[in-house]
Amino acid sequence: MSEMTQVAAKLTIPVNNNPEKPHQEYELELSEDSYGNLFIDADSINQLGNTRILFKDTKGMRNTAADESKISYIKPSGNNDNGVPQGILLYRGFDVKQLATHSTFLESSYLILNGEPPSKEEFKQFSDELKANRIIDKQTEEVINQFDRQTHATTIMSAALASLAARYEDKYNMASDEDRQELAIRMIAKMPTITAHILKHQQDQRTVSPDEELGHAANFLHMLFSTQAKKVVSDPKHIKVLDMILTLHAEHSFAASTFVARTVASCGTSTISCIIAALTALSGPLHGGANEEVVRMLEGITSDEIPDIINRAKDPSDPFKLFGFGHRIYNAMDPRAVVLRELTMNIIKESHEEKPSDILKTAILLEEAALKDEYFINRKLFPNVDFYSGLAMMTLGIPTNLFPLIFATARTSGWLAHIEECRKSGASIYRPNQYYTGWKFRPIGWP
Ligand code: ACO
């Protein structure tokens, strides 16, 4: 890691009604992150005498670094070895593409949470503790079962998490490092069980207990697809695919849901409440709900309608966006999407010996058409992780409305790491200012 270096930048501000000195000059501090990206240090602006100056960033905080973090790094643009535009994502310095291929979701989760990869002993202890904590309590099961079977899975999961929060309210002291660590393990262990329980409830089937003999992804598939009558043994390739999907979704710096988790943590709120807040942000169609929208969009069109849907996406008077395209951070192909694309194509080749299904054909044609279109080229809009993760999960047989929960199950590791980082750094409460454009003071004048 490079040392934080500081260089100066000059800020010249006009001073009203002072012909002698029409401008005031200030020295601002610039900071460099580990990769040499430059940041104006807003804290140094606060020290500029009597003049109070704030940054105005009204486009979704895209020009603001809200806090320091050591968990993951995103390089938004660049080229891969073949000259194709592709970004980079590192978890604690390790390339996510290599982690997804050569490591497991649990190893990545340990790395994300603890900062270093686990030794053999550390990993055994971590995975044994996770296995021992997979089961959910009766009250949480009953809360899930109370919901109408048509209710969206993310709504049910929020309620299930609220039930867990109630159960653990007095058990865990958020000021204790040990308690928080224990709770983090419980959360990673229980998210797949909650997800599977929700699916079984929606399908009006009895739940399937976790299997201690199985690893994280294999057990997840078992709880989703086995029934009381029949134990489904998943294909090892499918287990690896789910494990890769989980690894690729485990962490992504200050994404909207993670920022929400940190914001809530900065208020001193308990861990599970931070995760509930993050989940609700994730469920939106522009964020983690996009994988579900991609499949719904593809189901709603035929190959012949692709030109129409692209034209709709380009029309400035139409709010419609092509789901699964574009990203706030990447100006190139999202590295996670690259891995998932290859993975999806491989599963398609293997599982549909005859022909890909209509929806997969439409997806491939839509991707091709958008990548050739000037609108998408000029705006650097590439397919994102959600374009392919929906397709990959579909080929595993996971129902569409469960996609955001699979994402949340994976991202829980990242959320927990950020909640912990926020608490440990003693961060000030996250409380941005506003750029006020409303009325100035008005005396009450009505009778
Ligand atoms: N379809 C059509 N046009 C798009 C799309 C899209 N999917 N995405 C961006 N654009 C256009 C914008 O309208 C804008 O056009 P303009 O310059 O003519 O006004 C231009 O591209 C730049 O886009 P921004 O508005 O700067 O993109 P922003 O950073 O605000 O939004 C977002 C990013 C929300 C992901 C957006 O691309 C989008 O809505 N995509 C579809 C939803 C989606 O796939 N979300 C998943 C994101 S990945 C994740 O959360 C894991």
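## Helix 11 against helix 18

Helix 11 and helix 18 cross with right-handed geometry in this predicted model. Their axes lie 9 Å apart, and the packing angle is about 130°. Helix 11 is therefore oblique to helix 18. Helix 18 covers residues 403–424.

On the helix 11 side, the contact uses Thr271, Cys274, Ile275, Ala278, Leu279 and Leu282. Helix 18 contributes Pro404, Phe407, Ala408, Thr412, Trp415, Leu416, Ile419 and Arg423. By class, eleven of these residues are nonpolar, two are polar and one is charged.

## Helix 11 against helix 6

Helix 11 (residues 271–282) also packs with helix 6 (residues 153–168). The two axes come within 9 Å and cross at roughly 175°. Angles over 145 degrees count as roughly antiparallel, so helix 6 is roughly antiparallel to helix 11.

From helix 6, the contact residues are Thr154, Met157, Ser158, Leu161, Ala162, Leu164, Ala165 and Tyr168. They meet Ile272, Ile275, Ile276, Leu279 and Thr280 of helix 11. This contact holds ten nonpolar residues, three polar ones and no charged ones.

Conventions: Residues numbered from 1 in each chain as written. Predicted model: local features only at pLDDT ≥ 70, side-chain atom pairs only at ≥ 80, totals over all residues. Heavy atoms only, no water. Axes fitted to C-alpha atoms, helices over the stretch in contact; angles between N-to-C directions. Helix = DSSP H or I, 4+ residues; strand = E, 2+ residues; numbered from the N terminus. Parallel < 35°, antiparallel > 145°, perpendicular 65-115°, else oblique. Contact = heavy atoms within 4.5 Å. Nonpolar A, V, L, I, M, F, W, Y, C, P; charged D, E, K, R; others polar. Left-handed = near helix turned anticlockwise from the far one by under 90°.
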